Amino acid sequence: VMSPIWVVSGLFVWGFFQIGGSPASVTRFLIPENDKTLKKALAYSIIFQSFMYLCFSIIAIGGAVMLPKLQNHDLLVPTLVFNFLPPVLGGIVLAGALGAMMSTVSSVLLLSGSLVSVNIINKFKNNKISDSKSLLLSRITTIVIGVVALLFAIHPPAAILWIITMSFSLLAASFTFPLLLGLWWPRATKEGGIAGIVVGAVASIVWYILGYIKFHSLDNWIWGIWPAVFGGVLSLIVVVVVSLLTKPIPKEIAEIFFDDIDVKTTHNLPPEQARG
């Protein structure tokens with residue numbers, strides 16, 4: 001039985017921290033046409049994901065009571081649908097679940113292809129590759145990753161759940177607060193963001209190791225605090241401290257990206273500069 005702190009930490013991780021931990025969500029945040037729409041999308045996403053986590057928790061608890069002899073927990077939802085819902089309604093529920101899975105998979109595949117062609121090849125290659133070659137490389141990468149994932153899905157290893165959970169925790173601890181402060185806090189700096197990413201990832205890994213040493217398990221952690229929460233809090237502190245200790249971004253650049261915030265106040269400029 002998990003402690004209340006473990007449950008609350010899980011709510012924060014799968015609700016709030018999915019902003020930085022889910023690549024599929026991050027790619028969708030790039031769609032809004034302006035920063036105000038983006039910030040609203042982030043807020044709505046947090047509310048919706050938190051609500052979904054609560055619903056999943058209720059289903060899991062109810063399923064454990066209704067199907068106490070179920071051995072394969074992955075079949076909980078299909079078994080509940082098959083045993084307790086009318087065929088038409090059950091088909092709609094399963095179709096919705098499959099649609100959500102396909103949407104996430106497609107987003108991750110597209111993201112992986114663009115990361116390799118744009119963020120890796122172009123960064124380390126002296127001459128930038130053409131758009132046509134970049135598109136071809138992205139398609140090849142998407143196909144290769146898709147085939148590898150399909151092979152894993154045929155005979156999934158026992159550790160696949162922990163690999164997914166740990167990767168999500170590392171991403172969430174590393175990127176959540178650098179992303180949020182980069183959008184809402186004009187005083188955030190590049191150095192602060194990089195430091196927050198590194199500290200969040202390292203802290204999350206250390207918390208996993210300490211939990212495994214104490215409990216010999218990857219799903220029990222010290223004080224019941226999830227590694228993503230522990231690493232995320234340290235990442236937040238480091239981003240703020242390092243940003244305040246480093247030179248702020250130029251005021252004219254900050255005003256472009258933070259047109260809805262008083263940049264002069266947040267940058268703590270002297271009165272004569274603020275008037276200018």
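A residue is called buried here when its relative accessible area is under 20%, exposed when it is over 50%, and partly exposed in between, with a 1.4 Å probe and protein chains only. By that rule, 30% of the 276 residues of the protein count as buried. The model is a predicted one, in which local features need pLDDT of at least 70 and side-chain atom pairs count only at pLDDT 80 or more, while totals for chains, interfaces and linings use all residues. Residues are numbered from 1 along each chain as its sequence is written, and side-chain values use heavy atoms, with hydrogens and water left out.

The protein has 13 helices and zero strands, where helices (H or I, at least four residues) and strands (E, at least two) are DSSP runs numbered from the N terminus. With contact meaning heavy atoms within 4.5 Å, residues 24 or more positions apart account for 69% of the contacts with a separation of 6 or more. The protein exposes about 17,600 Å², of which carbon and sulfur atoms supply 74%; these areas come from the Shrake-Rupley method with a 1.4 Å probe, and for residues only the protein chains shown count as cover.

On the pLDDT scale, the predictor's confidence in each residue from 0 to 100, the protein has a mean of 80, and 86% of its residues reach 70 or more. Among the elements, α10 has the highest mean pLDDT (93), whereas helix α13 (residues 271-275) has the lowest (40). Over residues 269-276 pLDDT stays under 50, and the model has six contacts beyond four places in sequence for this stretch. Where pLDDT is low, the predicted coordinates should not be read in detail.

Two of the helices can be followed by their span, for which the expected value is 1.5 Å times one less than the number of residues. Helix α7 (residues 131-154) has 24 residues and reaches 35 Å from its first C-alpha to its last, close to the expected 34 Å. Within α7, Ser134, Ser138, Thr141 and Thr142 are buried, and what covers the buried residues of this helix includes α6 (87-124). Helix α8 (residues 160-184), with 25 residues, reaches 35 Å between its first and last C-alpha, close to the expected 36 Å. The buried residues of α8 include Ala173, Ser174, Phe177 and Pro178.

Those four residues lead on to Ser235 in helix α10 (residues 227-245). Ser235 is buried, with a relative accessible area of 0%, and, leaving aside residues up to four places away in sequence, touches Ala173, Ser174, Phe177, Pro178, Gly196, Ile197 and Gly200.

Rings of Phe, Tyr and Trp (its six-membered ring) pair if their centres lie within 6.5 Å, with planes under 30 degrees apart counted as stacked, over 60 as edge-to-face and the rest as tilted. The count comes to four aromatic pairs. Trp207 and Trp223 form a tilted one, at 5.8 Å centre to centre and 50° between the planes. This pair links Trp207 in helix α9 (residues 190-215) with Trp223 in the loop between α9 and α10, 16 residues apart. Trp207 is buried at a relative accessible area of 5%, whereas Trp223 is exposed at 62%. Ring pairs link both tryptophans and Phe230 into a cluster. Phi of Trp223 is near 60°, a positive value in a residue other than glycine, and most residues other than glycine have a negative phi.
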